[in-house]
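Me: I would like to go through this model with you and ask, for each label, what stands behind it. Please set the values against the definitions as you answer.

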Amino acid sequence: MTLAPVTTAQMLQAGRVFAMRDAIVAAFAAHFPDLAVKAHVGKLDMGDVLEKDVFSPPCILIAATRLIDEDRLSGSDDLLVHLTAYVVTEDKMIGQGDARRLVKRDELALAICEAALVALSDIDWTGWGLENVSDVDGAESHPLFTMKSFERGTVYYAVTWRQRLYALGDADFFTGGEAA
């Protein structure tokens, strides 16, 4: 295989991961209207946790955290995208009037993670309004930073899943060949 030159404009036109992440952000924001939902560039590190005012809890930060090229027998290059919804919470007063109560940060984080996992099981919702996207695979949730972040008043959880972007005939885009 001989690679053909490809311009930045061509890469941006062919790229689908950024659009997928933005569509997921929009879907989560619509589904969880009282949470701040934003795109995130990748992984969280301890510096993010220790830096004050980086996040406004409660929030969900959506990131594409890993991309894997997967070849099919047809010659199309599918892209397996690992996605993460970072859930950041703090103690918060929830409810109105007599029903108002203080919800601890870990209770709120677990409730958000559970609701996200339920939403991710809806195959109609998880198409994100895009074409050639697989169903969600391997959705799970786990805590991230607990001790130092808990001491600072927040908890961090991650909801992770995988989805494929099917290339469907675009196998030769970057090699200069004709698409099937």
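Reply: Before the details, one term is needed: contact, or touching, means heavy atoms within 4.5 Å. Please also keep in mind that this is a predicted model.

Me: With that cut-off, which residues does Phe 28 touch, not counting residues up to four places away in sequence?

Reply: Phe 28 touches Val 37, Ile 60, Ile 62, Ala 85, Ala 116, Leu 120, Trp 125, Trp 128 and Trp 161. In the largest nonpolar core, which has 32 residues, Phe 28, Ile 60, Trp 128 and Trp 161 are the ones that touch the most other members. At least two residues of this core come from each of helix H2 (17-31), strand S2 (59-71), strand S3 (77-90), helix H4 (105-120) and strand S7 (154-165). Another core, of nine residues, lies apart from it and includes Leu 61, Ala 63, Val 88 and Ala 158.

Me: What makes such a set of residues a nonpolar core?

Reply: The members have to be buried residues of the nonpolar kinds, joined through side-chain atoms within 4.5 Å.

Me: How do you know that the span of H4 agrees with what a helix of 16 residues should have?

Reply: The expected span is 1.5 Å times one less than the number of residues. For the 16 residues of H4 this gives 22 Å, and the end C-alpha atoms are 22 Å apart, so the two values agree.

Me: Why are the buried residues of H4 said to line one face of the helix?

Reply: The buried residues of H4 are Arg 105, Leu 108, Ala 109, Ile 112, Cys 113, Ala 116, Ala 119 and Leu 120. Seen down the helix axis, they fall within an arc of 135°, and therefore they line one face of H4. On the other side of H4, Glu 114 and Val 118 are exposed.

Me: Which residues of H2 are buried, and what covers them?

Reply: Val 17, Met 20, Arg 21, Ala 23, Ile 24, Val 25, Ala 27 and Phe 28 are buried in H2. Their cover includes strand S1 (36-39), S2, S3, H4 and S7.

Me: Why is Met 93 called partly exposed?

Reply: Buried means under 20% relative accessible area and exposed means over 50%, with partly exposed in between. Met 93 has a relative accessible area of 38%, so Met 93 counts as partly exposed. Met 93 is found in strand S4 (residues 92-94), and, leaving aside its neighbours within four places in sequence, it is in contact with Arg 100, Arg 101 and Leu 102.

Me: And what makes Asp 77 partly exposed?

Reply: The relative accessibility of Asp 77, which is found in strand S3, is 31%, and therefore Asp 77 counts as partly exposed. The C-alpha atoms of Asp 77 and Tyr 166 are separated by 7.3 Å, although these residues are 89 residues apart along the chain.

Me: Which residues lie nearest the centre of the second largest pocket?

Reply: Of the 17 residues that line the second largest pocket, Lys 43, Thr 65, Thr 84, Tyr 86 and Thr 160 lie nearest its centre. The elements giving two or more residues to this lining are S2, S3, strand S6 (137-143) and S7, and the volume of the pocket is about 260 Å³.

Technical notes: Residues numbered from 1 in each chain as written. Predicted model: local features only at pLDDT ≥ 70, side-chain atom pairs only at ≥ 80, totals over all residues. Heavy atoms only, no water. Buried < 20%, exposed > 50% of the residue type's maximum accessible area, 1.4 Å probe, protein only. Helix = DSSP H or I, 4+ residues; strand = E, 2+ residues; numbered from the N terminus. Arc of directions from axis to C-beta. 1 Å grid on protein atoms, 1.4 Å probe; cavity = no way out; pocket = protein on both sides within 12 Å on 5 of 7 lines; lining within 4 Å. Points joined across faces, edges and corners; volume = space filled by probe spheres on them.
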